[in-house]
Amino acid sequence: MNFIFLLLSQIILFPAQPNIKLAVIGQVSSNPNFALFAPHENENLANDYVIQQIIERSGVFVILRQDGKRLIRLDIKPFEVEIDPNRIFTEQGRRNNIIKHNPNLRTNTYVFHRAMRLSTALA
């Protein structure tokens with residue numbers, strides 16, 4: 001099983017922050033059965049089950065990874081901005097997300113606007 005997993009996986013780095021990556025498990029086929037995305041790598045039981053299904057039935061499973069954490073940390077020196085990857089797919093979601101998880105961050109700062117750009121690129 002582990003050998004098969006290694007053959008069917010690849011890592012794609014997020015250029016703006018190399019410790020954020022997408023793990024792509026499976027393979028594209030002419031008739032894939034699944035294409036799934038996990039925004040949190042710490043949901044181990046569900047992720048393990050999906051990986052097993054991908055290996056058995058074909059398809060692709062993409063996991064957003066950053067050090068095993070649920071929230072993504074954007075490094076905007078000298079700050080870290082936390083975001084929930086579930087909320088990065090719309091502009092309003094990104095904005096609300098950054099405000100919620102970083103209550104001391106003001107919206108008229110370089111850090112806030114950089115966090116918006118990075119989360120947009122990640123989405």
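## A right-handed unit

Strand β3, helix α2 (residues 44-57) and strand β4 form a β-α-β unit that is right-handed: with the strands pointing away from the viewer, the path from the first strand over the helix to the second runs clockwise. Helices (H or I, at least four residues) and strands (E, at least two) are DSSP runs, numbered from the N terminus.

β3 (residues 35-38) and β4 (residues 59-65) run parallel and are joined by four bridges; strands pair if DSSP finds at least two bridges between them. Across from Ala35 stands Val60 in β4.

## About the model

This is a predicted model, where local features need pLDDT of at least 70 and side-chain atom pairs count only at pLDDT 80 or more, while totals for chains, interfaces and linings use all residues. Residues are numbered from 1 along each chain as its sequence is written, and side-chain values use heavy atoms, leaving out hydrogens and water.

## The largest core

A nonpolar core is a set of buried Ala, Val, Leu, Ile, Met, Phe, Trp, Tyr and Cys residues joined through side-chain atoms within 4.5 Å. The largest one has 17 residues, and Leu74, Val81 and Ile98 have the most contacts inside it. Helix α4 gives the most to this core, with six residues.

## A look at Ala115

Ala115 lies in helix α4. It counts as buried (under 20% relative accessible area, 1.4 Å probe, protein chains only) because its relative accessibility is 0%. Leaving out residues up to four places away in sequence, Ala115 touches Leu74, Ile76, Val81 and Ile98, with contact meaning heavy atoms within 4.5 Å.

Notes:
Buried means under 20% relative accessible area, exposed over 50%, partly exposed in between (1.4 Å probe, protein chains only).
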